Structure formats: structure tokens, C-alpha cells
Amino acid sequence: LYWRTYTGQVIEETDTSGNPTADYDFFGGRRIAWWSSTGNSLENPGFESGSAGWSVPSNCSWCSGSETVSDDPAVAHSGSYYLSASSTSGIWVAASGTNGSQWIPVNPGQQIVIGGWIKRTGGTGNLDFDCEIVDPNYNFVAWCNGAILPDGNGGTSWQHYSGTTLAPANSAYVMAYAEIHCCGDSDTSATSGDFDDAYLGVGGVYYRFADATGGTSAVTDSSG
């Protein structure tokens, strides 16, 4: 899908679930920067293969709660299947990538977009799609800027959320997950929610620079 300005310039491309696959910036009618991914890096983003590729990761020793993939097209955001989870203290349900691993390659300087559709079904804690970035030895580097439904009573119908992060130095892999009670959430209520149509996009950020005459331009990738 293409999103355009009133003058017809394409400023964003999304998949059919509303997840961004490319963004464009213009100045003076010329495209000066853009980001594009190779598509969704997740193996089973819409849960249409059941729970395949989704599980509580081994590095989440504190995770506590329940998770299940349900088959009900009347409830799912799209298709027939969706993830339901609940927790009081916090839980991750991590996704495998198209590479068959929960750890998906990323380079420093690449842009990471995490997102999907979330619906609150109980409690007041936060719910999100988020990701963890590690170095080549799987040491922690950074958390992503998550796609977060915040604390409160809102979000009881399906809504789309997304977050964008520039991979810092030493980044090598990223793991995406659905989560309840993220980020040191002070709310400890028994919170439950549904998740569907997840997205993890990894791609270069490109900049266009005019030459000394203002004519031919060069294109550089921020990830090198």
C-alpha cells in the first residue's frame, strides 16, 4: 500500500496489515532520505501456522504467565489465528525469523521497525511488541523503541502500534517478541491481551547528497 502527499509523492509504503516497509523524506521536491526493508523478517507473523516459531525465550528466566495461539476468525485481527497472553509480573513470547532462529541478523546503523496489532482483554498493565539487540557474542546492547499500548483501560479494540530504532554500534542480532508488563511497568495487575500481524523490518537508511554543482547526487547507506 502507498501513502502519498497531496502532490502525489509517496512518503510511506506499508504491507496489508499496516506495517511500514519503506519511508521517504523530501525537501524541495526531491527525495533526500529513505528507509527500506526486505520485508517482514518473522517466520509466522500472523500466527496462521499456529504457534510455530513463537515461544517464551530461554533468556527470559523471570517470565511468568500464560500464552496460547487461538483459532477464532471472529476475534483475530486478520485470518483465523492470534496470540493470547496474560501475566501479572511480565512475560515475553518471542518470534523466530525467516532464518529459523529467534536471533535475526542486523548491522549497526540499520533501522529496525517493530510493530503489529494489539488488543487489551483485561487488566491495566502495558502490552507491546518489542525487541532486544545483542552483539556478536549475544551480549546485551540495547532495547528497541517498542510498539507499546500503555498502562490504563484503553486499547480494548484492535489497534496498530509501531516503534523505530537505529541499531547502535556492536549490533549483530535482534529478537522480536510480544510482551505484557514491559519496561519496568509499575502496574502489577493481572493483564491480558491479544496480539496479531506482527512485523519486524530491518533495512538500510539512505541519504542523498548533491554534488558541488547541485547536480548529480550520491547515495550512501548509514549502515556502511
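Predicted model: local features only at pLDDT ≥ 70, side-chain atom pairs only at ≥ 80, totals over all residues.
Me: Before we start, what does "buried" mean here?
Reply: A residue is buried when its relative accessible area is under 20%.

Me: Okay, so is Lys-119 buried or exposed?
Reply: Lys-119 has a relative accessible area of 14%, so it counts as buried.

Me: What does the side chain of Lys-119 meet?
Reply: It meets the side chain of Asp-194 in a salt bridge, at 3.9 Å from N to O. Lys-119 sits in strand S9 (residues 111-122) and Asp-194 in strand S15 (residues 191-210), so this pair, 75 residues apart, links distant parts of the chain.

Me: And Asp-194, buried or exposed?
Reply: Asp-194 is buried too, because its relative accessible area is 6%.

Me: How many salt bridges are there in the whole structure?
Reply: A search of the whole structure turns up one.

Me: Let's zoom out. How many helices and strands does the protein have?
Reply: The count is zero helices and 16 strands.

Me: How much of the protein is buried?
Reply: Of its 224 residues, 47% count as buried.

Me: What share of the contacts comes from residues 24 or more positions apart?
Reply: Among contacts with a separation of 6 or more, such residues account for 68%.

Me: Now the inside. Which residues touch the most other members of the largest nonpolar core?
Reply: They are Trp-54, Ile-112, Phe-129, Val-174, Phe-195 and Leu-200, in a core of 39 residues. As a general point, nonpolar side chains tend to be buried together in soluble globular proteins.

Me: Which element gives the largest share of this core?
Reply: That is S7, with seven residues. The elements that give two or more residues are strand S7 (81-95), S9, strand S10 (127-134), strand S12 (147-149), S14 and S15.

Me: Tell me about Val-174. Where does it lie?
Reply: Val-174 lies in strand S14 (residues 173-180). Its relative accessibility is 0%, so Val-174 counts as buried.

Me: What is Val-174 in contact with?
Reply: Leaving aside neighbours within four places in sequence, its contacts include Trp-103, Ile-112, Cys-131, Glu-132 and Leu-200. Take Glu-132: Val-174 and Glu-132 are 42 residues apart in sequence, with their C-alpha atoms 5.5 Å apart in space.

Me: Which strands does S10 pair with, starting with S14?
Reply: S10 and S14 pair in the antiparallel sense over eight bridges, and Asp-130 stands opposite Tyr-177 in S14. S10 also pairs with S12, again antiparallel, over three bridges, with Asp-128 opposite Ile-148. Three bridges join S10 to strand S11 (residues 140-143), and these two run antiparallel as well.

Me: What do S10 and S11 form?
Reply: They form a hairpin with five residues between them, and Tyr-138 in the turn has a positive phi of about 65°.

Me: Where else is there a positive phi, say at Phe-47?
Reply: Phe-47 is not a glycine, yet its phi is positive, about 65°. It is found in the loop between strand S4 (30-37) and strand S5 (54-55). His-181, in the loop between S14 and S15, has a positive phi of about 60° and is not a glycine either. For background, most residues other than glycine have a negative phi.

Me: Last one: where is Ser-171?
Reply: Ser-171 is in the loop between strand S13 (159-166) and S14. A polar atom of the Ser-171 side chain lies 2.6 Å from the backbone oxygen of Pro-168. Ser-171 is buried, with a relative accessible area of 6%, and the residues it touches include Val-106, Pro-108 and Ile-133.

Definitions and conventions
Residues numbered from 1 in each chain as written. Heavy atoms only, no water. Salt bridge = Lys/Arg side-chain N within 4 Å of Asp/Glu carboxyl O. Helix = DSSP H or I, 4+ residues; strand = E, 2+ residues; numbered from the N terminus. Buried < 20%, exposed > 50% of the residue type's maximum accessible area, 1.4 Å probe, protein only. Contact = heavy atoms within 4.5 Å. Core = buried A, V, L, I, M, F, W, Y, C linked by side-chain atoms within 4.5 Å. Polar contact = N/O pair within 3.5 Å; in protein donor to acceptor, adjacent residues only side chain to side chain. Pairing = 2+ DSSP bridges.
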